Amino acid sequence: MQSVVILDLLKLLLKAYKKIRHMENENLMEKYAWKAYIKDGCFEEYCKRHNNIWPEMIDELKKSGICNYTIWHCNNELFGYYECNNGVDFATSFQAQSDVVKRWNKYMKDILIMEMDPITGAQPLLVKIFEMM
């Protein structure tokens with residue numbers, strides 16, 4: 001009987017520990033937002049390319065620490081958002097050095113208008129104005 005109580009207590013402690021670690025990781029996660037424009041008449045092609053994104057591109061994004069990546073569309077404007085497990089600096093530096101990311105950017109260039117940061121080679125970071133946690 002006593003071992004069952006101890007086991008239940010250990011389970012509760014483990015659950016609490018995981019919850020605390022998750023909250024710590026969430027608070028440390030850096031966020032990145034970018035924007036771009038789809039060239040007129042290219043929306044369907046843009047969607048098609050992302051529906052068939054290269055597995056190696058997904059792998060590169062994961063290696064760079066990017067997670068929770070979402071892209072929204074309104075008219076011809078795109079808004080992208082992702083979180084960086086290893087920080088924004090690491091993610092942008094990793095992408096700037098990646099041959100796979102360079103090939104992807106070249107592949108998308110005919111349908112996108114995207115200003116790239118001359119220093120990082122990544123999309124310019126949008127400035128956060130408001131955040132509610």
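In what order do the strands of the open sheet lie? The order is S2-S3-S1-S4, 4 strands with antiparallel pairing. Strands S2 (66-74) and S4 stand at the edges with a single partner strand each, so one side of each has no neighbour in the sheet. Strands here are DSSP E runs of at least two residues, helices are H or I runs of at least four, and both are numbered from the N terminus. Two strands pair if DSSP finds at least two bridges between them.

This is a predicted model: local features need pLDDT of at least 70, side-chain atom pairs count only at pLDDT 80 or more, and totals for chains, interfaces and linings use all residues. Residues are numbered from 1 along each chain as its sequence is written, and side-chain values use heavy atoms, without hydrogens and water.

Select 30-38 and 77-84. These are S1 and S3, paired in the antiparallel sense over 8 bridges. Pick Ala33; its bridge partner in S3 is Tyr81.

Zoom out. The protein chain has 5 helices and 4 strands, in the pattern α-β-α-α-β-β-α-α-β along the sequence.

Last, select Val127. Val127 lies in the segment after strand S4 (112-113). Val127 counts as exposed because its relative accessibility is 70%, and exposed means over 50% (1.4 Å probe, protein chains only).

Note on methods. Buried < 20%, exposed > 50% of the residue type's maximum accessible area, 1.4 Å probe, protein only.
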